[in-house]
Amino acid sequence: MVATPRARIVGTGMYVPPEVTTNYDLEKLMETSDEWIRQRSGIVERRYAAAGLGPSDLALEASKAALDMAGVKSTDLDMIIFATLSPDYYFPGSGAFLQDYLGCGTTPALDIRNQCSGFLYGLNVAQAFITSGLYKRVLLVGAECHSRALDFSTPGRDVSVLFGDGAGAVVLAPSDDPKRGILSTHVYAEGAHRDLLKIEAPSTRQSPMISPASIAEGTHYPKMEGRQVFKHAVTRMPEAVATALKHNGMTPDDVDLYLFHQANLRINEAVMKQLEQPLAKTYNNIERYGNCSAASIPMCLDEVVRSGRVKAGDQICMASFGAGFMWASAMMRW
Ligand code: UT7
């Protein structure tokens with residue numbers, strides 16, 4: 001019998017635009033304060049991409065870094081997976097942009113629309129592609145240009161202070177060491193809660209998809225029932241982690257590093273508390289980048305890999321929760 005190859009991350013990369021916006025900068029635009037933002041979310045500053053750029057531009061830089069670390073040429077990729085909730089165009093997806101920028105000829109590109117869980121949904125798909133033997137080299141990117149769709153006036157402050165722009169990428173390949181690689185991925189959705197966090201327009205449920213009336217109503221801006229989302233996140237993320245642990249016959253202590261989606265530092269601290277794990281076993285960068293949705297986890301991963309915090313054999317558990325509602329977990333041995 002031919003052994004199923006395990007998928008393994010062989011390269012990571014990230015990119016954030018150089019333009020920094022601090023909480024103090026936001027104080028000048030709306031009724032908010034550095035104190036409120038820090039206390040409620042842990043965010044101190046975030047990056048906003050320069051006008052004219054889209055998530056695919058940020059994704060390109062992150063992808064180049066990941067390909068370089070992996071020692072893989074873009075022309076050797078079998079599949080590109082692009083996760084974003086802030087695409088360059090309504091259609092085609094941002095994958096088409098990135099595929100062209102990378103000079104990939106006719107390599108397929110798949111777009112994932114699973115918001116803050118987009119990266120882990122993408123990992124689930126990439127794992128299936130590789131373990132089935134269908135593809136050998138997969139580039140998975142999460143990239144966001146949230147800043148374009150934020151309401152920087154006081155009515156939009158509950159959401160706009162939280163989000164930032166950025167990109168994270170990984171290259172996956174069959175592992176040459178059966179012990180190392182992606183051990184499990186678990187993905188979930190509960191669409192009944194889709195209206196608790198959304199951007200409605202442009203929408204094919206209305207004609208035209210976007211109009212002066214819908215713009216005046218602000219339906220092109222994100223709307224969030226923050227407390228509801230928070231409540232579900234601190235329930236679903238520990239649940240998904242517990243599933244990953246059980247699936248792999250592990251206890252929380254067996255995990256060397258927890259990497260969570262960067263929506264709110266308080267959410268991640270609450271999850272670690274439920275797991276009875278010390279905060280030193282997790283890594284956050286939300287204070288510098290805010291919530292970068294699909295890019296958050298691969299950005300954290302790239303930082304811990306490049307700083308040398310992660311060593312071969314380390315067991316890393318990842319989890320996310322976001323709009324949809326969609327949530328997920330993944331376990332890997334580095
Ligand atoms: O990545 C996708 C998943 N997203 C999440 O997981 C986010 C989950 N939710 C959260 O992280 C938190 O609910 C928030 C950070 C969004 C909000 O924190 P909160 O402690 O739940 O605050 P709140 O929404 O209950 O608002 C408290 C107060 C309100 O004023 P009143 O009604 O008490 O007078 C808000 O109007 O804070 C006010 N407020 C603000 N004040 C200053 C809301 N936004 C701001 C702001 N600056 N930016």
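**Close-up views of a predicted model**

**View 1. Asparagine 285 occupies the loop between helix 9 (265-274) and helix 10 (286-289).** Helices are DSSP runs of H or I of at least four residues, strands are runs of E of at least two, and both are numbered from the N terminus. The structure is a predicted model, in which local features need pLDDT of at least 70 and side-chain atom pairs count only at pLDDT 80 or more, while totals for chains, interfaces and linings use all residues. Residues are numbered from 1 along each chain as its sequence is written, and side-chain values use heavy atoms, with hydrogens and water left out. Beyond its neighbours within four places in sequence, asparagine 285 is in contact with Gln262, Met299, Cys300 and Glu303 (heavy atoms within 4.5 Å). The side chains of asparagine 285 and glutamate 303 make a polar contact at 3.2 Å. A polar contact is a pair of N or O atoms within 3.5 Å; within protein, one must be able to donate a hydrogen and the other to accept it, and residues adjacent in sequence count only if both atoms are side-chain atoms.

**View 2. Four strands form an open sheet in the order 8-13-12-11, with mixed pairing.** Two strands pair if DSSP finds at least two bridges between them. Strand 8 (181-189) and strand 11 (257-260) are the edge strands, each pairing on one side only. Strand 8 runs antiparallel to strand 13 (residues 326-333), and eight bridges join the two. Within this pair, threonine 185 has alanine 330 of strand 13 as its bridge partner.

**View 3. Helix 11 (residues 296-306) packs on the sheet, touching strand 11, strand 12 and strand 13.** The direction of helix 11 makes about 145° with that of strand 11. Axes are lines fitted to C-alpha atoms, for helices over the stretch in contact, and angles run from 0 to 180 degrees between N-to-C directions.

**View 4. The ligand is surrounded by 22 residues, the closest being Thr32, Arg40, Arg227, Asn264 and Asn291.** An N or O atom in the side chain of threonine 32 is 2.7 Å from a nitrogen atom of the ligand. For tryptophan 36, a polar side-chain atom lies 3.1 Å from an oxygen atom of the ligand. Glycine 226 places a backbone N or O atom 3.0 Å from a ligand nitrogen atom.

How values were computed:
Near = heavy atom within 4 Å.
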